[in-house]
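Here are some exercises to work through with the model open beside you. Try each one first, then follow the solution step by step.

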Amino acid sequence: MPTYISLLRYTQQGITAAKNAPARIDAAKEAYRKAGGDFKAIYLTMGQYDVIFIFEAPDDETVARGILTLSAAGNVRTETMRAFTEDEYRKILAGLP
């Protein structure tokens with residue numbers, strides 16, 4: 001299953017309601033689980049981003065739906081990328097001319 005990394009920044013609304021973040025995280029984990037995905041790790045970070053999600057999902061459409069739903073709540077802004085494992089990376093490189 002493809003791996004994704006989401007970099008999250010709290011909005012003013014999100015930081016004001018930071019105490020509710022654990023419940024929001026639980027809801028996001030459950031939504032991805034129901035969609036066939038799986039959260040691998042969640043990190044609180046310091047610097048440009050506030051939180052990092054590492055998760056697997058069946059496809060890009062599932063991720064897009066999840067990120068749009070998460071963002072629509074207004075608590076975070078996200079930047080999400082597809083991540084490739086070392087094995088996947090080696091296969092990609094093997095196909096180069």
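## Exercise 1: Pairs of charges

In helix H4, the side chains of Glu-86 and Arg-90 form a salt bridge, with N and O 2.8 Å apart. Keep in mind that this comes from a predicted model. Work out how Glu-86 and Arg-90 are placed along the helix, and then look for other salt bridges in the structure.

**Solution.** 

Step 1. Begin with the spacing: Glu-86 and Arg-90 are 4 residues apart in H4, about one turn of the helix.

Step 2. Next, check the surroundings. Both residues of this pair, Glu-86 and Arg-90, are exposed.

Step 3. Elsewhere, salt bridges with shared partners link Asp-38, Lys-40 and Glu-56 into one network. The structure has 5 salt bridges.

Step 4. Because they are 3 residues apart in H2, about one helical turn separates them. Glu-30 is partly exposed, at 30% relative accessibility.

## Exercise 2: Arg-82 and its surroundings

Find the element that holds Arg-82, then list what Arg-82 contacts beyond its neighbours within four places in sequence.

**Solution.** 

Step 1. Arg-82 belongs to strand E4, which covers residues 76-83.

Step 2. With a relative accessible area of 30%, Arg-82 is partly exposed.

Step 3. Setting aside neighbours within four places in sequence, the contacts of Arg-82 are Pro-2, Thr-3, Tyr-4 and Glu-88.

Step 4. One of these contacts, Glu-88, is also a salt-bridge partner of Arg-82, with the closest N and O atoms 3.7 Å apart. Glu-88 is partly exposed, at 26% relative accessibility.

Step 5. For a distance across the model, take Lys-19: from C-alpha to C-alpha it lies 29 Å from Arg-82, and 63 residues separate the two in sequence.

## Exercise 3: The faces of helix H2

Which residues of H2 are buried, and what do they pack against?

**Solution.** 

Step 1. Check the length of the helix. H2 has 14 residues (21-34), which at 1.5 Å a residue should span 20 Å; the end C-alpha atoms are 20 Å apart, so the two agree.

Step 2. Pick out the residues under 20% relative accessible area. In H2 these buried residues are Ala-21, Ala-28 and Tyr-32. Viewed down the helix axis, they fall within an arc of 30 degrees, so they line one face of H2.

Step 3. Look at what meets that face: the buried residues pack against strands E1 (3-10), E2 (38-44) and E3 (51-56), and against helix H3 (60-72).

Step 4. Turn to the face of H2 directed away from the buried side, which carries the exposed residues Ala-23 and Lys-34.

Step 5. Follow the chain just past H2 and you reach Gly-36, which takes a positive phi of about 95 degrees.

## Exercise 4: The faces of helix H3

Repeat the analysis for H3: which of its residues are buried, and which are exposed on the other side?

**Solution.** 

Step 1. The buried residues of H3 are Thr-62, Val-63, Gly-66 and Ile-67. These cover an arc of only 125 degrees around the axis, which puts them on the same side of H3.

Step 2. Glu-61, Arg-65, Leu-68, Thr-69 and Ala-72 are exposed on the other side of H3.

Step 3. The cover over the buried residues of H3 includes E1, H2, E3 and E4.

Step 4. Take Thr-62 as an example. Its relative accessible area is 7%, so Thr-62 is buried. Not counting residues up to four places away in sequence, Thr-62 touches Tyr-32, Ala-35 and Ala-57.

## Exercise 5: The chain as a whole

How many helices and strands does the protein chain have, and what pattern do they follow along the sequence?

**Solution.** 

Step 1. There are 4 helices and 4 strands.

Step 2. In sequence order, the pattern is β-α-α-β-β-α-β-α.

Step 3. Of the 97 residues, 28% count as buried.

Definitions and conventions
Residues numbered from 1 in each chain as written. Predicted model: local features only at pLDDT ≥ 70, side-chain atom pairs only at ≥ 80, totals over all residues. Heavy atoms only, no water. Helix = DSSP H or I, 4+ residues; strand = E, 2+ residues; numbered from the N terminus. Expected span 1.5 Å × (residues − 1). Buried < 20%, exposed > 50% of the residue type's maximum accessible area, 1.4 Å probe, protein only. Arc of directions from axis to C-beta. Contact = heavy atoms within 4.5 Å. Salt bridge = Lys/Arg side-chain N within 4 Å of Asp/Glu carboxyl O.
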